[in-house]
Amino acid sequence: MNFSDKQCIGEGGFGQVYRGWAFDGEDCVPVAIKKLNPKGFQGYPEWLTEVVLLSRLCHPNIVKLVGHCSEEQEYYLVYEYMSKGSLDNYLFCRDNELLGWDRRINIALGVACALAFLHSQDPPVIYRDIKSSNVLLNSEFDAKTF
């Protein structure tokens with residue numbers, strides 16, 4: 001699969017993340033597609049762990065895994081699209097609108113709820129990579145993490 005650099009919305013240890021489209025019944029909805037970098041630090045075991053883990057987790061403050069795909073040594077994860085991007089865009093960039101205190105507290109509570117949910121699982125899920133770039137915001141500035 002080929003992805004346009006214009007649609008790249010982020011990059012992490014797993015690889016690049018692209019904005020794409022998927023069909024939901026008759027509607028076409030935006031999605032975020034993580035493409036595993038075969039030369040990156042993470043590989044197939046981490047991809048499979050994310051598929052298995054996120055497939056069984058459902059919480060309003062956890063990003064939904066919409067689907068996954070593996071094709072000829074290429075691995076993809078498809079997530080719900082978070083239109084406001086990551087929290088660090090709002091904390092460290094002057095171009096974006098400022099976050100008021102009410103919104104900041106709501107985001108912090110959303111992250112806390114996600115962590116409490118993960119820790120309440122049996123066995124508990126210990127999320128060791130909580131940082132502003134891993135906190136995503138939807139159109140209402142609700143926080144979701146993964």
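User: What do β1 and β2 form, and how many residues lie between them?

Analyst: β1 and β2 form a hairpin with three residues between them. Helices (H or I, at least four residues) and strands (E, at least two) are DSSP runs, numbered from the N terminus. The model is predicted: local features need pLDDT of at least 70, side-chain atom pairs count only at pLDDT 80 or more, and totals for chains, interfaces and linings use all residues. Residues are numbered from 1 along each chain as its sequence is written, and side-chain values use heavy atoms, with hydrogens and water left out.

User: What joins β2 to β3?

Analyst: 10 bridges join β2 to strand β3 (residues 27-36), and the two run antiparallel. Val 17 has Lys 34 in β3 as its bridge partner. This hairpin has two residues between its strands, and Gly 25 in the turn has a positive phi of about 70°.

User: Why is His 59 called buried?

Analyst: Buried means under 20% relative accessible area, exposed over 50%, partly exposed in between (1.4 Å probe, protein chains only). His 59 has a value of 18%, and is therefore buried. His 59 lies in the loop between α1 (44-56) and β4 (65-71).

User: Which residues does His 59 touch, not counting residues up to four places away in sequence?

Analyst: His 59 touches Cys 113, Ala 114 and Phe 117, where contact means heavy atoms within 4.5 Å.

Definitions and conventions:
Pairing = 2+ DSSP bridges.
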